[in-house]
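Look through the structure below with the helices in mind.

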Amino acid sequence: MTQDREDATRARRPETGGLHLATDGVGQQDGPAPDPPDLPQDRSQAILEATKQIGALLKRAGHPFALAGSVAVYAHGGSRYLQHDADFCILQEDAEAVAGSLREAGLAVRTPPEDWLLKTTCHGQNIDIIFALAHQPVTQDMLDRAQFLPVDSVIMPVLSPTDLIRSLISAFSEHYCDFGSVLPVARAVREKVDWDAVRAACSDQPMPAAFLFLLERLNVIDPRQEQP
């Protein structure tokens with residue numbers, strides 16, 4: 001009896017060797033398959049393209065400036081992972097002239113509520129034109145210390161590593177204290193920074209002092225040498 005049931009089951013089981021797509025038109029498409037969707041845009045490259053465009057524009061117009069922010073870190077050998085905007089430092093007295101040059105190039109210039117920067121957009125990326133860093137005005141000395149470096153093939157003045165780190169650390173306060181975002185920057189440029197100058201500029205403030213202490217404990221920088 002068991003053998004008879006097994007034979008009957010095999011007789012009802014469909015053969016699988018000849019499986020084929022149904023031809024009743026359901027799910028079929030006319031013509032070639034559609035192209036796959038575009039891959040996500042390389043945001044870092046888009047920011048670099050916008051940086052090059054603005055940097056070249058400022059150079060042609062003869063405005064003193066220096067690249068700052070994450071793109072400046074990249075120019076000094078840091079990470080290429082850029083997910084924010086591009087920052088340019090200018091003198092406050094040049095703000096109106098710089099805004100005029102941007103408008104002549106067809107870029108809209110916005111004045112935000114903050115009174116220390118202008119904003120524009122290039123290649124769909126946000127650009128900050130800054131004339132104060134960590135509540136301190138951009139100075140001619142700061143721009144003079146900038147280093148001319150290639151930024152993805154376009155050479156432009158880039159904020160010195162010491163000024164760059166000093167501006168990032170000086171911004172720490174009880175309301176903003178993101179050590180995690182600045183730590184990899186400090187690691188990337190530590191051999192190029194005058195850490196004594198950084199300490200002299202901002203170690204009297206509790207949050208910058210705490211960050212400098214963290215760098216010492218992590219062996220990113222040497223401990224401060226006590227004066228005899």
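In this predicted model, helix 2 contributes Ile54, Leu57, Leu58 and Ala61 to a contact with helix 4, where they meet Val98, Ser101 and Leu102. By class, 6 of the residues in this contact are nonpolar and 1 is polar, with no charged residue. Helix 2 spans residues 43-61 and helix 4 spans residues 95-104. Their axes come within 10 Å and cross at roughly 115°. The crossing of helix 2 past helix 4 is right-handed.

Two packed helices are described by the angle between their axes and by the distance between those axes. The pair formed by helix 8, residues 195-202, and helix 9, residues 206-217, can be read in this way. Here the angle is about 150° and the axes lie 9 Å apart. Because angles over 145 degrees count as roughly antiparallel, helix 8 is roughly antiparallel to helix 9. Their crossing is left-handed.

On the helix 8 side of this second contact are Trp195, Val198, Arg199 and Cys202. They meet Pro208, Ala209, Leu212, Leu215 and Glu216 of helix 9. The contact of helix 8 with helix 9 holds 7 nonpolar residues and 2 charged ones, and no polar residue.

How confident is the prediction along the protein chain? The mean pLDDT is 84, and 80% of the residues reach 70 or more. Over residues 1-40, the pLDDT is below 50. Beyond near neighbours in sequence, this stretch has 4 contacts in the model.

Key:
Residues numbered from 1 in each chain as written. Predicted model: local features only at pLDDT ≥ 70, side-chain atom pairs only at ≥ 80, totals over all residues. Heavy atoms only, no water. pLDDT = per-residue confidence, 0-100. Contact = heavy atoms within 4.5 Å. Axes fitted to C-alpha atoms, helices over the stretch in contact; angles between N-to-C directions. Helix = DSSP H or I, 4+ residues; strand = E, 2+ residues; numbered from the N terminus. Parallel < 35°, antiparallel > 145°, perpendicular 65-115°, else oblique. Left-handed = near helix turned anticlockwise from the far one by under 90°. Nonpolar A, V, L, I, M, F, W, Y, C, P; charged D, E, K, R; others polar.
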